[in-house]
Amino acid sequence: MKLSQFKFKLPENLVALEPSYHRDECRLMVIHRKSERIETYQKDENGEDLKDKEGNPVFLDFRNVLDYFDEEDTFIFNDTQVFPARLYGTKEKTDAKIEVFLLRELNEELRLWDVLVEPARKIRIGNKLFFEEDGPMVAEVIDNTTSRGRTLRFLYDCPHDEFKRELFALGEAPLPRYVVDKRPATPEDMDNFQTIYARNEGAVTAPSTGLHFSRELMKRMEIKGINFAYVTLHCGLGNFDSIEVEDLTKHKMNSEQVIIRKEACDIVNKTKEAGHRVCVVGVSTARATETAVGTDGLLKEFDGWTNKFIFPPYDFGLSNALIGNFYHPESTMMMTECSFGGYDLVYEAYRKAVSLGYKFGCFGDAMLIVDD
């Protein structure tokens, strides 16, 4: 398919800059990929649209996701943990303000980190960056990796655990550029931009669909008999990179680390073999599981990296339900959803979402695609 097929007009006011007051109260749209139905409203006991006191139809909200699953179905979650990757420092001598975005630690002993810097034109090999006025955290630029990429060596002599605590204390939530260009990050964002089940540190952006799951909702799912399986994909910034080619087969995704353990495989494969539903939560989870699914349709253990790019046409080998958000035009996340639900149907759902005022982005509304 072509990049231009994923273009649509997204009004600026529909991009969510804040999370819902409660995690699980965003709107939900349900897409039935076989019958090609799109649901937006709650139903009463007679199957009619439920109305509020003013006579307006009541939208489905995320808590309604429970209505589409049964006992012994399984949800697969990405349990990566976001760290406070965005820091601000000053360049030696000039005191120019520099944004430093931590990507990953390259060498624990030498305190080497792969980072992005902005504005990059001001930062050269040998420059020193200071992160606190009169504070001990200093970094030296030792290599250029890409146009914005640099390797930093932090000059901080202490045990590694202490260094990491001090470094992360200087950082803030790595909200997407489309959010921080409109408002500053707050201390609360670090919690809001983290799933409640996050446990394996390594992501520089959140697996945003998982942000909708509250402890109360997951308890209700547990009571209903739904199984939880956890995989890890450390989300990078590749999903936010602009696609520069019209022919999608020529686009290359950045690699992300994936870990899938035996425990998750056992839960998922038992569900599949029993004929129950397997739902992947978010496109990062879909990318991880599709990297590790075998030709027999079962999930395999995996510990490595993936640069899998899922766009139509694509046959999913593992799951028969997917939950995602509403994403920006021409994004790789939108393309993955179109691969799962069918291009025409999901594109129509996006058009409907715009017309009905759904919110887009990491803090936006959600869609559920089911196989019926």
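Predicted model: local features only at pLDDT ≥ 70, side-chain atom pairs only at ≥ 80, totals over all residues.
The largest pocket has a volume of about 1100 Å³. It is lined by 39 residues, and those closest to its centre are Leu-103, Leu-116, Val-204, Gly-236 and Leu-237.

Which element gives the most to this lining? That's strand S6, with 5 residues. S6 covers residues 97–107, and it is one of several elements that each supply at least two residues. The others are strand S7 (112–118), helix H1 (160–169), helix H2 (177–180), strand S11 (200–203) and strand S13 (256–260). So what kinds of residues face the pocket? The lining has 15 nonpolar, 12 polar and 12 charged residues.

**The closed spaces**

Rolling a probe the size of a water molecule over the atoms shows where empty space is left. A search of the whole structure turns up 2 cavities of 30 Å³ or more.

The largest cavity holds about 210 Å³ of space. Among the 20 residues that line it, Ala-206, Pro-207, Ser-208, Tyr-327 and Met-333 are the closest to its centre. Helix H6 (residues 283–292) gives the most to this lining, with 3 residues. By class, the lining of the largest cavity splits into 11 nonpolar, 8 polar and 1 charged.

The second largest cavity has about 50 Å³ of space. Its lining includes Asn-239, Met-253, Val-283, Arg-287 and Lys-308, along with Met-333 and Thr-336. H7 gives the most, with 3 residues. This lining is made up of 5 nonpolar, 3 polar and 2 charged residues.

**Charged pairs**

Side chains of opposite charge can pair when their charged atoms come close. How many salt bridges does the structure hold? There are 22. Here are a few of them, with the N to O distance for each.

| Salt bridge | N to O distance |
|---|---|
| Glu-18 and Arg-183 | 3.1 Å |
| Glu-140 and Arg-153 | 3.0 Å |
| Arg-183 and Asp-189 | 2.9 Å |

Take the Glu-18 and Arg-183 pair, which meets at 3.1 Å. Glu-18 sits in the segment before strand S1 (28–32) and Arg-183 in the loop between H2 and helix H3 (189–192), so this bridge ties together parts that are 165 residues apart in sequence. Are the partners buried or exposed? Glu-18 is partly exposed, at 48% relative accessible area. Arg-183, in contrast, counts as buried, at 10%.

Next comes the pair of Glu-140 and Arg-153, with their closest N and O atoms 3.0 Å apart. Glu-140 belongs to strand S9 (residues 138–144) and Arg-153 to strand S10 (residues 149–154), and the pair links these distant parts of the chain, 13 residues apart. Glu-140 is buried, with a relative accessible area of 18%, while Arg-153 is partly exposed at 32%.

Finally, which residues are linked in a network of salt bridges? Arg-86, Glu-99, Arg-177 and Asp-181 are.

Conventions. Residues numbered from 1 in each chain as written. Heavy atoms only, no water. 1 Å grid on protein atoms, 1.4 Å probe; cavity = no way out; pocket = protein on both sides within 12 Å on 5 of 7 lines; lining within 4 Å. Points joined across faces, edges and corners; volume = space filled by probe spheres on them. Helix = DSSP H or I, 4+ residues; strand = E, 2+ residues; numbered from the N terminus. Nonpolar A, V, L, I, M, F, W, Y, C, P; charged D, E, K, R; others polar. Salt bridge = Lys/Arg side-chain N within 4 Å of Asp/Glu carboxyl O. Buried < 20%, exposed > 50% of the residue type's maximum accessible area, 1.4 Å probe, protein only.
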